[in-house]
Amino acid sequence: MKYRILGRTGYRVSEIGFGAWGIGKVMWKGAQDSESLKALHTAVDEGVNFIDTALVYGNGHSEKLVGQLLREREERIYVATKIPPRNQIWPARGSLEEAFPSDYIRSCTERSLQNLAIDQIDLIQLHVWSPEWLSDDSWYECLCELKEEGKIAFFGISVNDHEPNSAIDLVRSGKVDTVQVIYNIFDQSPEDQLFPACQEAGVGVIVRVPFDEGSLTGQITPETTFPSGDWRNLYFKGDRKREVFERVKRLETLLDDSVRTLPELALRFCLSAEAVSTVIPGMRSVSHVKENTSVSDKGKLPEGLTSKLRDHRWIRNFYPQP
């Protein structure tokens, strides 16, 4: 496992982190706690020392599993969690008071500390962000107070789906230590403005959705079905599975002895960006952990291949809109 510095936090984090949404079990069907804990332990065995979770993942269930892992391991493991908007709207909508009033930020932080059973959260993030909130410092002042009290060490935001430019002014303001953003072979838009801004400001970049919710693993076909209640039924509704399948088949023509699988291609694409600190694929099984963590040893993609992937940029938004 290779490691990178997470912006001005100074944390030396594994470039493959553990995305812990799926182990919360709500919205992702099929996760079992016993297998989730095995996956977490295997990740640490393979060198992973960065885990990203959220209070909303299973209403704290994901955080509690991560907390159990922390109690069972001696290694230094950095944990990032997220505060959901009070109005429960993704992506960000409404006023700052509707989404992140100060008393709510504080109460969510206390709940996460309790779930994780720790005294200090390494990194806490607002789970959505609107650029309209930048002029109101109440959220910032509250997080600074929590930092002074020792309850959090650093803070950042999770950028709205497919809206990387919405965080640029915030990054330049110097008020956050990290941003979490969607970045993958299909959505390459963070490269345009967000990544350069983060590099200039020393802000760490956490990449989520490197597999485009599963499409870039090559496992989605027009005949794929998901369990009832699984949110991917919405993400891949209508003709989207066929659209994804056809685009992924074209990507497969780029595979050769230097890059053998689509998941490897997807992760190495993300890691080839200098601005990226860590990539957090969702992992619920030991086999997926081992496959994903092994990519770190393979290094960045050859320049010629990265150039070819530019032609596969696909501007679209499959996420449900409020």
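A polar contact is a pair of N or O atoms within 3.5 Å. That cut-off will be needed at the fourth stop of this tour, which goes through a predicted model.

**Whole chain.** The C-alpha trace spans about 55 × 40 × 40 Å along its principal axes. A compact globule with 322 residues would have a radius of gyration near 20 Å, and the protein chain, at 19 Å, agrees with that. Of the 322 residues, 57% count as buried. Colour the surface by element next: the chain exposes about 13300 Å², and carbon and sulfur atoms supply 46% of this area.

**Helix H10.** Select residues 262-271, which make up helix H10. Ten of its ten residues are buried, so the helix is largely enclosed by the rest of the structure.

**The start of H10.** Select Thr-261 and Glu-264. A side-chain oxygen of Thr-261 lies 3.2 Å from the backbone nitrogen of Glu-264. In this way Thr-261 caps the N-terminal end of H10.

**Thr-81.** Move to strand E5, residues 78-83, where Thr-81 is placed. Is Thr-81 buried or exposed? Thr-81 is buried, with a relative accessible area of 0%. Leaving aside residues up to four places away in sequence, Thr-81 touches Thr-53, Ala-54, Leu-55, Glu-63, Ser-112, Ile-121, Leu-123, Ile-124 and Gln-125. With Ala-54 there is also a polar approach: a polar atom of the Thr-81 side chain lies 3.5 Å from the backbone nitrogen of Ala-54.

**Aromatic rings.** Show Phe, Tyr and Trp side chains. How many aromatic pairs does a search of the whole structure find? The search finds 19. One cluster is formed by Trp-21, Tyr-57, Phe-186, Phe-226, Trp-231, Tyr-235, Phe-236, Trp-314, Phe-318 and Tyr-319.

**Charges over rings.** The charged end of Arg-316 sits over the Trp-314 ring, 4.5 Å from its centre. For the last stop, select Tyr-140 and Lys-175: Lys-175 lies over the face of Tyr-140, 5.5 Å from the ring centre.

How values were computed:
Residues are numbered from 1 along each chain as its sequence is written. This is a predicted model: local features need pLDDT of at least 70, side-chain atom pairs count only at pLDDT 80 or more; totals for chains, interfaces and linings use all residues. Side-chain values use heavy atoms; hydrogens and water are left out. Helices (H or I, at least four residues) and strands (E, at least two) are DSSP runs, numbered from the N terminus. Buried means under 20% relative accessible area, exposed over 50%, partly exposed in between (1.4 Å probe, protein chains only). A polar contact is a pair of N or O atoms within 3.5 Å; within protein, one must be able to donate a hydrogen and the other to accept it, and residues adjacent in sequence count only if both atoms are side-chain atoms. Contact means heavy atoms within 4.5 Å. Rings of Phe, Tyr and Trp (its six-membered ring) pair if their centres lie within 6.5 Å; planes under 30 degrees apart count as stacked, over 60 as edge-to-face and the rest as tilted. A charge sits over a ring if NZ of Lys or CZ of Arg is within 6 Å of the ring centre and within 35 degrees of the ring normal. The radius of gyration is taken over C-alpha atoms; the globule rule is 2.2 Å times the number of residues to the power 0.38. Accessible areas come from the Shrake-Rupley method with a 1.4 Å probe; for residues, only the protein chains shown count as cover.
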